[in-house]
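Visitor: Could you walk me through this structure, one question at a time?
Guide: Gladly, let us have a look together.

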Amino acid sequence: MGTSALSALGYLGDSPRVRYQRALAVAAVAVFFTNADLWFFEVGAWPLPPKVFLLAFAALSLPLLGAVGPAVTTLRAPLLWWMSAYLVLSSVAFFLSSQSPVALQTLTDVFTALLFLAALTVIFSDGRTHDAVRRTIAWAVVLAAALNLYDLLQPLTFSPFLGRSAGLYINPNISGSAIVFGMILALDAVPSRLRHAFVLLAGLAVLLTVSRAAILGWVLVVIALLVQRRIRVGRMLLLTGLAVLAVLAALAATGYLELALQAYNAVQGGQLERLDLTNVRFLAGDESTGSRLIVARLALALFAERPFLGHGLAATLEWDYAQPAHNMYLEFLAESGILGLAIFPAALVAALWRAPARLRPLGLVFGLMWLEWGFFSNNVLEERHTLMALALMASLVMAARADAAPPAETTSGADAAP
């Protein structure tokens, strides 16, 4: 970006602290939201584990607390109070648990996640960083879409699951979740003429993950955006038709059309049960759905045994079944009882607390995805992209509240000191 462009955006007029904070925020998105640190570590291209990056960014955020603005904004953030409550609840749940190495590791993961979330709350505390952050997230979504498409054409390049794209996220479900959350937070930063194409691109990228939860989340978000009239039905249908024609033409030109037809026939033949829309197994009988029903019953049984205190931290990891709860609500019910059930939605309440009217449409769409994703994943409060999305949403609300607040009264000239 040239000097004139920076000047036009007002960046050159910012203080060194603001420029440092903006650069740190953009770097955090580039490293954590894309999952680049974990992917490069997993493939052996980078020797340091992801926690090193996390600790480095936490340390780099500390100088920002020396400035009055970030320090005051962080201390006033309702999300900080939620973090304190979650830390207390997790500590109590640990003492009620088996206190095994698995439980201790789970408690350590909670501490790590809260440290990361606290650092992000500091890094995003200045509203002048938000435009750059949201544009960076938009590019992260575009990158994820491109890599998912490449994963489709070159199977097993990123994803370990044949027929399911994942990109740098490695796990297709995480890829789908990151793309939807990224689409929500970045949409307003995308030029209006490109927003429908951006939503459609995100939808295609999510579809390639074959994550039913992520696909459902994208559909719910698009319906909400249509109701809010932030996108238009006619424009979406037109772009969808053009995209289908373009994909078919590209497949035919590259020789992949026959391969795509073979894959479609395999789906129709039930060889890929996960995608078999004509088979009841898609809804109730495939291995994934069956295991989720089993763990749901197990979690509810644990809750019924100890509804008030729960069975303690990591109880859903130590039970006699190979799968975890796959559900934030069931996990908290089983491990922390009825009181724990409030923790996950309370994070959303804290992030959206007293959101000004102009930010409520975004908050509604974000909240819809947040609550929906909690039904399908038990790692929402651990994964970096969801924690980053939560921190940014909370920071957007805090900045909007500050902008909407009446200006502080100034001292009159008669009362001013000479």
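**Contacts, surface and aromatic rings**

Visitor: What share of the contacts in the chain with a separation of 6 or more comes from residues 24 or more positions apart?
Guide: A word on the source comes before the value: this is a predicted model. The chain in it has 19 helices and zero strands. Among its contacts with a separation of 6 or more, the part from residues 24 or more positions apart is 71%.

Visitor: Is V43 buried, partly exposed or exposed?
Guide: V43 is found in the loop between α3 (36–42) and α4 (50–61). Together with F40, W46, L48 and V52, V43 forms a nonpolar surface patch with about 420 Å² of accessible area. Buried needs a value under 20% and exposed one over 50%. The relative accessible area of V43 is 47%, so V43 is partly exposed.

Visitor: How many residues apart are Y86 and F332?
Guide: Y86 belongs to helix α6 (residues 78–95) and F332 to helix α16 (residues 328–340), so the pair links distant parts of the chain. Y86 is buried at a relative accessible area of 7%, and F332 is buried at 6%.

Visitor: Why is the pair of Y329 and F344 given its class?
Guide: The ring centres of Y329 and F344 are 5.4 Å apart, and their planes stand at 90 degrees. An angle over 60 degrees gives the class, so the pair is edge-to-face.

Visitor: What is the relative accessible area of F344?
Guide: Y329 lies in helix α16 and F344 in helix α17 (residues 343–351). Both residues belong to one aromatic cluster, along with F181, F366, W370 and F375. Y329 is buried, with a relative accessible area of 12%. F344 is buried as well, and its value is 0%.

Visitor: Over the ring of which residue does the charged end of R164 sit?
Guide: The charged end of R164 is 5.9 Å from the ring centre. The residue that carries this ring is F161.

Note on methods
Residues numbered from 1 in each chain as written. Predicted model: local features only at pLDDT ≥ 70, side-chain atom pairs only at ≥ 80, totals over all residues. Heavy atoms only, no water. Helix = DSSP H or I, 4+ residues; strand = E, 2+ residues; numbered from the N terminus. Contact = heavy atoms within 4.5 Å. Patch = residues over 30% accessible without salt bridge, like charges linked within 9 Å, V, L, I, M, F, W, Y side chains within 5 Å. Areas by Shrake-Rupley, 256 points an atom, 1.4 Å probe, with all protein chains shown as cover. Salt bridge = Lys/Arg side-chain N within 4 Å of Asp/Glu carboxyl O. Buried < 20%, exposed > 50% of the residue type's maximum accessible area, 1.4 Å probe, protein only. Phe/Tyr/Trp six-rings, centres within 6.5 Å; stacked < 30°, edge-to-face > 60°. Lys NZ or Arg CZ within 6 Å of the ring centre and 35° of its normal.
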